[in-house]
Amino acid sequence: MTEHITAGQFHAADGVEDWRCLYHLVSAHFRTGSLANGITLVDEIERLAHGPEQQHLTVDLRHSGVTVSMTRRDIALARRISAAAKALNFSADPTAVQLVNVTLDALVGANVLPFWQALLGYQRVGDDYLADPSRRGPGLGLQQMDTARSERNRMHLDVAVPHDQAEARIAAALAAGGHLVSDAHAPRWWILADAEGNEACVATWIARE
C-alpha cells in the first residue's frame with residue numbers, strides 16, 4: 001500500500017492486533033524466549049518483506065524477543081509477520097513497545113540544530129528534527145519557544161506508548177513519586193514531572209493523524 005494511512009485506519013484494519021501506532025510508525029514486540037528463536041523469526045521476516053517494504057523495516061533482535069517497526073501503510077506486511085509469529089508460537093507483548101524522543105525548547109531553532117546534529121552525528125529531517133541514521137538512538141526535536149525562560153528545564157523526554165498502555169504507564173510514574181503537570185491535551189499527551197520538576201510527556205496516537 002502506498003497511500004497515506006492514519007493511525008485510526010491502521011488500528012481498524014483486520015489482522016494487526018499485535019501492532020501499535022507510535023507517532024509515524026507501527027511497532028510490535030514478539031516474545032521469543034531465546035536468541036535462537038529470535039533468529040528464526042527474523043529469518044521469516046526477511047523472507048516475508050518484499051522490495052520497498054524492507055527499506056522501511058526496522059528489526060531489533062534481543063535474547064528475550066524481537067521488536068519490529070515499519071510505516072503504517074505496510075499493513076499487509078504487518079499481517080504476514082503476525083501470522084509467522086503465531087505459527088512459531090511467539091506471542092506479542094504490546095507493553096514492550098515505545099518510542100522515545102528528546103525535545104529541546106529553542107528560541108531560534110536554526111541557531112542550535114546544527115550543533116546537535118554535529119554532536120550526535122544525526123541526520124536532519126525537516127527544519128526541527130534530527131534522527132539517528134542507525135535507528136538506535138532517540139530522535140531529537142525542537143519546540144518553538146516564544147520567550148526565554150529560566151524557571152523550568154528546556155529539555156524533556158517525549159515517550160510515545162501504545163494507546164491502551166498509557167494509563168498504566170502514567171499511573172506507574174505517579175506511584176513512583178511523579179506528579180501530573182497537565183492533562184489538557186489528553187489523550188494525545190499528558191505532561192508529568194518528577195519530584196524535582198523535571199518534565200516528560202506521555203503521548204499516544206489518539207486524535208493524531
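**Notes on the salt bridges**

1. Let me start with glutamate 44, which comes out as partly exposed at 24% relative accessibility. Keep in mind that we are looking at a predicted model here. The partner of glutamate 44 is arginine 47: the two side chains form a salt bridge, and their closest N and O atoms sit 2.7 Å apart. Arginine 47 is exposed, at 51% relative accessible area; the cut-off for that label is over 50%.

2. As for where this pair sits, both residues belong to helix H2 (residues 35–48). They are 3 residues apart, so about one helical turn separates arginine 47 from glutamate 44.

3. Next, have a look at aspartate 93 and arginine 31. Their side chains meet in a salt bridge with an N to O distance of 2.8 Å.

4. Arginine 31, at 37%, is partly exposed.

5. Then there's arginine 62 with aspartate 60, another salt bridge, where the closest N and O atoms are 2.7 Å apart. Arginine 62 is exposed at 52% relative accessibility, whereas aspartate 60 is partly exposed at 28%.

6. For the overall tally, the structure holds 5 salt bridges. Among them are the arginine 47 pair, the aspartate 93 pair and the arginine 62 pair.

Methods: Residues are numbered from 1 along each chain as its sequence is written. This is a predicted model: local features need pLDDT of at least 70, side-chain atom pairs count only at pLDDT 80 or more; totals for chains, interfaces and linings use all residues. Side-chain values use heavy atoms; hydrogens and water are left out. A salt bridge is a side-chain nitrogen of Lys or Arg within 4 Å of a carboxyl oxygen of Asp or Glu. Buried means under 20% relative accessible area, exposed over 50%, partly exposed in between (1.4 Å probe, protein chains only). Helices (H or I, at least four residues) and strands (E, at least two) are DSSP runs, numbered from the N terminus.
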